[in-house]
Amino acid sequence: MTHPAARPPAAITPVLYGGATVRDVANADCDWDHFDSASYFEHNYSTARQADIEIARIIARHFAETCRVYPTGGRAIDAGAGANLYPALAMLPFAEDVLLSERAESNRLWLKDQIEHPAPSWTDFWRVISGGRKTYEDVSDFRQALRRRAHVEEGDVFALPTAEYNLGTMFFVAESITTMNKEFRRAITSFVGSLKVKAPFAAAFMKDSSGYRVGGRDYPACPVDESDIRRSFAEIAHDVKLETIEDTEVRSGYAGMIVVTGRAGKK
Ligand SMILES: C[S@@+](CC[C@H](N)C(=O)[O-])C[C@H]1O[C@@H](n2cnc3c(N)ncnc32)[C@H](O)[C@@H]1O
């Protein structure tokens with residue numbers, strides 16, 4: 001199943017990368033700077049879909065609970081933010097500074113524009129995230145908070161600083177930037193390592209994805225399931241919870257999305 005701007009789908013034919021079927025595509029092999037942000041956004045986030053609504057609720061509940069018990073303030077990171085603002089929105093009340101870290105120049109420009117002029121669907125996501133959660137409801141205008149707190153920087157998930165951030169998100173990145181399992185694991189280790197010990201985090205993964213197409217370009221994916229993901233977080237995080245979200249609304253045949261919440265470091 002392919003779509004012009006699909007997120008990493010499951011069970012599609014092997015990625016045809018550069019016109020030929022290839023076995024391994026490393027992160028460095030891809031032309032990220034021309035990632036078609038508008039097309040990706042249009043397909044995935046221009047309306048709030050049921051699966052994303054469920055994920056948004058899970059991560060907002062996690063941050064509301066953990067950040068209440070362990071007040072954070074300080075700095076947040078969304079690693080590989082792409083053309084998605086809802087992970088950043090979920091962190092907004094808990095950080096004075098929300099870094100949207102992105103390798104692709106196209107996505108950095110798109111993010112800067114969206115911070116100034118958010119698309120209407122982010123209001124729908126904000127309603128889902130904030131509804132019934134006081135800390136979020138206390139933010140009087142999320143657009144203003146976004147403009148004040150969020151900023152965009154060039155960043156490589158494999159080269160993040162160590163123990164720097166108080167909370168973080170990484171959505172559809174580790175498994176969707178490479179076909180190589182070792183790079184998938186390295187991205188998770190680097191992301192969690194960029195957080196301070198006990199920092200709450202949320203991450204999302206496509207299950208069993210074998211590649212995806214955005215605006216006519218093919219991108220690689222590393223097929224992973226719950227046990228791969230659980231193993232990758234086992235030694236580096238605690239209070240880790242996984243939930244698999246069915247995504248039947250428009251993507252029948254997908255194996256679903258896996259959302260992980262937890263806190264960085266060993267207990
Ligand atoms: C499938 S998209 C996910 C985007 C977004 N986080 C979301 O939730 O939809 C993968 C993203 O990872 C970015 N990316 C690729 N390689 C990266 C790297 N080495 N470091 C940081 N981001 C990277 C891409 O530019 C793209 O925005």
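A nitrogen atom of the ligand lies 3.2 Å from a polar backbone atom of alanine 81, which falls under the polar contacts, meaning pairs of N or O atoms within 3.5 Å. A nitrogen atom of the ligand is likewise 2.7 Å from a polar backbone atom of glycine 80, while an oxygen atom of the ligand is 2.9 Å from an N or O atom in the side chain of asparagine 84. Taken alone, the ligand exposes 600 Å², of which the protein buries 100%, with areas computed by the Shrake-Rupley method and a 1.4 Å probe.

The model is predicted, and local features need pLDDT of at least 70, side-chain atom pairs count only at pLDDT 80 or more, and totals for chains, interfaces and linings use all residues. Residues are numbered from 1 along each chain as its sequence is written, and side-chain values use heavy atoms, with hydrogens and water left out.

Around the ligand there are 21 residues, of which Tyr40, Tyr45, Gly80, Glu102 and Phe171 come nearest, where near means that a heavy atom of the residue lies within 4 Å. By class, this shell has 11 nonpolar, 7 polar and 3 charged residues, with Gly counted as polar and Tyr as nonpolar.

Valine 197 lies in the loop between α8 (181–193) and β7 (200–206), helices being DSSP runs of H or I with at least four residues and strands runs of E with at least two.

Conventions:
A polar contact is a pair of N or O atoms within 3.5 Å; within protein, one must be able to donate a hydrogen and the other to accept it, and residues adjacent in sequence count only if both atoms are side-chain atoms.
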